[in-house]
Amino acid sequence: MRILVVGGAGYVGSTSVETLIAAGHEVTVFDDLSTGHAASVIPPAGLVRGSIQDHARLESVLRERRVEAVLHCAAKSLVGESMAEPGLYYRHNVSGGVTMLEAMRRAGVSRLVYSSSAAVYGEPRRVPIAEADRTDPINPYGATKLAFEGAMRWFAAAHDFRAISLRYFNVAGATQLNGEDHEPETHLIPLVLRVALGEATHVQIFGQDYPTPDGTCIRDFIHVRDLGAAHLLALEATGDAEPSLEVYNLGSAAGFSVREVVEAARKVTSRAIPARVVKRRKGDPPVLVASSRRARRELGWQPQHSKLEEMLSDAWAWRLDHLRGYAESARPPETATDQNGSGVAAAEAMSRS
Ligand code: UFG
């Protein structure tokens, strides 16, 4: 299948590209590199640098590459930033997303898989959370993810789109080539590993007075490799589906507390990792655990890497291998010029070893 991965230079996108290539698909990455890294795009995937707001550019790439399906992983995804800058989130995640849907419609591409989020549920009324449970986001990030799902649903009804939305819980781990490298970093595991590397003195634990066994929040971690496998299955499932939007949770159905994560990281890294309890972070639900039964039943998804230690040790191995993240392999990719004069980069084998 010829697949366009929009946002394919980010953490989730780049690792999924690896899975798609290994399964024999022809992959083009479309990314504005605002948070992604050119060095994360592995050959033979091609990299087209462009904005999701650029309707004409998207349409021409879809046509030129004769794209059959789109994996959409391009989004602004920081909860705190979304509270401060809701306009940015609506512009990228909703308006940008709809621009992409329009480009797909014009180019005659109707198969779509979307990176959604557990953030659409807000404060769950029960756990594990099932797809039919109430969606009531408590921040603009979750609200924009949900709004785009709405747009997909109506494009399915009006234009025969066959779309799947995957609501991820907490993504962790790394492949050998690609891992998590954000600036600023706000996620627990990469921050814990920064402390293990001596880049920070301690990790902050945001609240120890939650109604959980050890008082810290509980999250459902999913290995980024398992996420890649789910993307592949979902893309394949859009092939003979009826026009519709289907929604699936992706998690491991097991929750780990913040304290358990820190403790497991101490074991995996054999480093002390000092931790200090500080006050709660705004907008953190006490427990987020997914029911992924539907994805297992209907997509045949079987997570293979659900052990927290494996996620941590893979993330740790990647960090040890990339002490400066992607900064050390960042050099401008070679660019060729396509018919429209847009830069098309042949992904290089970056020096990641
Ligand atoms: N945490 C700390 N200290 C830190 C960072 C995080 O204690 O330095 C805690 C948080 O309070 C939370 C847990 O670790 O309880 C996990 O926090 P992350 O920031 O790693 O992840 P979130 O659960 O906040 O975010 C995830 C996804 C989001 C999604 C959200 C849904 O990354 O994209 O779940 O609520 F929106």
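**Ligand site and backbone features**

An oxygen atom of the ligand is 2.5 Å from an N or O atom in the side chain of Asp-284. The protein covers 91% of the 680 Å² of accessible area that the ligand has on its own; accessible areas come from the Shrake-Rupley method with a 1.4 Å probe. This is a predicted model, where local features need pLDDT of at least 70, side-chain atom pairs count only at pLDDT 80 or more, and totals for chains, interfaces and linings use all residues. Residues are numbered from 1 along each chain as its sequence is written, and side-chain values use heavy atoms, with hydrogens and water left out.

- A polar contact here is a pair of N or O atoms within 3.5 Å.
- His-187 places a polar side-chain atom 2.9 Å from a ligand oxygen atom.
- For Tyr-141, a polar side-chain atom lies 3.5 Å from an oxygen atom of the ligand.

**Shell around the ligand**

- The ligand has 18 residues around it, and Leu-188, Gln-204, Arg-219, Arg-281 and Asp-284 come nearest. A residue is near if one of its heavy atoms lies within 4 Å.
- The shell divides into 10 nonpolar, 5 polar and 3 charged residues. Ala, Val, Leu, Ile, Met, Phe, Trp, Tyr, Cys and Pro count as nonpolar, Asp, Glu, Lys and Arg as charged, and the others, Gly among them, as polar.
- Helix 6 (188-196) and strand 8 (203-206) each supply at least two shell residues. Helices (H or I, at least four residues) and strands (E, at least two) are DSSP runs, numbered from the N terminus.
- Strand 8 gives the most, with 3 residues.

**Packing of helix 1 and helix 7**

- Helix 1 (residues 11-22) and helix 7 (residues 224-237) pack at about 65°, with axes 8 Å apart. Axes are lines fitted to C-alpha atoms over the stretch in contact, and angles run from 0 to 180 degrees between N-to-C directions.
- Residues of helix 1 including Tyr-11, Thr-15 and Leu-20 meet a set in helix 7 including Val-224, Gly-228 and Leu-235. Contact means heavy atoms within 4.5 Å.
- By class, this contact has 8 nonpolar, 5 polar and no charged residues.

**Backbone points to check**

- Val-127 and Pro-128 are joined by a cis peptide bond, with omega about -5°. Pro-128 sits in the loop between strand 5 (111-117) and helix 5 (140-159).
- The bond from Glu-183 to Pro-184 is also cis, with omega near 0°. Pro-184 lies in the loop between strand 7 (170-172) and helix 6.
- Leu-33 is not a glycine, yet has a positive phi of about 60°. Leu-33 lies in the loop between strand 2 (26-31) and strand 3 (46-49).

Note on methods: Polar contact = N/O pair within 3.5 Å; in protein donor to acceptor, adjacent residues only side chain to side chain.
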